[in-house]
Amino acid sequence: MTTFMETPVTSGVAPERARSWLLVPATKPEAFTAAVESEVDAVILDIEDAVAPAAKPAARRAVVEWLEAGNTAWVRINDATTSFWADDLAALAGLKGLAGVMLAKTESGNQVEATASRLPEGTRILALIESAMGLEATPEIARADATFRLAFGSGDFRRDTGMSDAPLAMAYPRSRLVVASRAARLPGPIDGPTLVADDAILSRDSALTLSMGMTGKLCMRPEQAPVVNRELAPTPGDVTWSNDTIDDLGVDGAGVRDGSDLPRLAKALKIREAAEVFGIDAG
């Protein structure tokens, strides 16, 4: 199992627990610092989907210059089947400010390992699943030593498969990412973004993300972060319930009366841990 490098994080939240992941086009370097200073848990500078082929060299240079200036962020690189992939990795390898890379359109564990081989040992790799082929290979991708966390490229996945964005249609791919992550002992996967600028829809979508067992969500605008962070964290009421349950059953389970108490205690302990990470007090 790979030991991941200790690198600075955008917020005080460790990347394995990060909820909001903001994609920032690398063609807009003037937005990089503002993104890092926003309420997002993690920032991803995007030199893949957000950048036309002709503009990629300049966008890549802008990212490198900003990271070399002492800043920190993740970078979404081009997929391993393109000619841009090797150039991206050559430019980023060894940069102290690189928190990790998001590998676009991941379709095999070999692509993850090939990416890792061109980066310093322990560099975190987010494997972005965006196609039917990638989804079928999800267990293999999750088990690759260099995979840090899975993410769902829901828009490209729908274009590849012809599926709608209805919750029922997207239940299978989301569940597959969740199960594969758990089986490989990875943190929970990161869900795709909500594209409309409507907080009510974003809140609904984020609640669905949580209900599916996913623990992060891609964002397209900094303003989405507060909603995502709130929905993907315990509520004060949850914390109260967890405290009461732990008081009743005991941290070590000394008060457990029957088998049905064990799942309740496990859930309560998980909520307490998340509340401590995200700084949420009981209601």
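1. A residue is called buried under 20% relative accessible area, exposed over 50% and partly exposed in between (1.4 Å probe, protein chains only). By this criterion Trp74 is buried, at 3% relative accessibility, and Trp21 is buried as well, with a relative accessible area of 0%.

2. This is a predicted model, in which local features need pLDDT of at least 70 and side-chain atom pairs count only at pLDDT 80 or more, while totals for chains, interfaces and linings use all residues. Residues are numbered from 1 along each chain as its sequence is written, and side-chain values use heavy atoms, with hydrogens and water left out.

3. Rings of Phe, Tyr and Trp (its six-membered ring) pair if their centres lie within 6.5 Å, with planes under 30 degrees apart counted as stacked, over 60 as edge-to-face and the rest as tilted. A search of the whole structure gives four aromatic pairs. In one of them, the ring centres of Trp21 and Trp74 are 5.2 Å apart and the planes lie at 70°, so the pair is edge-to-face.

4. The rings of Phe32 and Trp66 are also a pair, with centres 5.5 Å apart and planes at 75°, and therefore edge-to-face. Phe32 is buried at a relative accessible area of 0%, and Trp66 is buried at 10%.

5. Trp21, Trp74 and Phe148 form one aromatic cluster. A charge sits over a ring if NZ of Lys or CZ of Arg is within 6 Å of the ring centre and within 35 degrees of the ring normal; the charged end of Arg124 sits in this way over the ring of Phe148, 5.2 Å from its centre.
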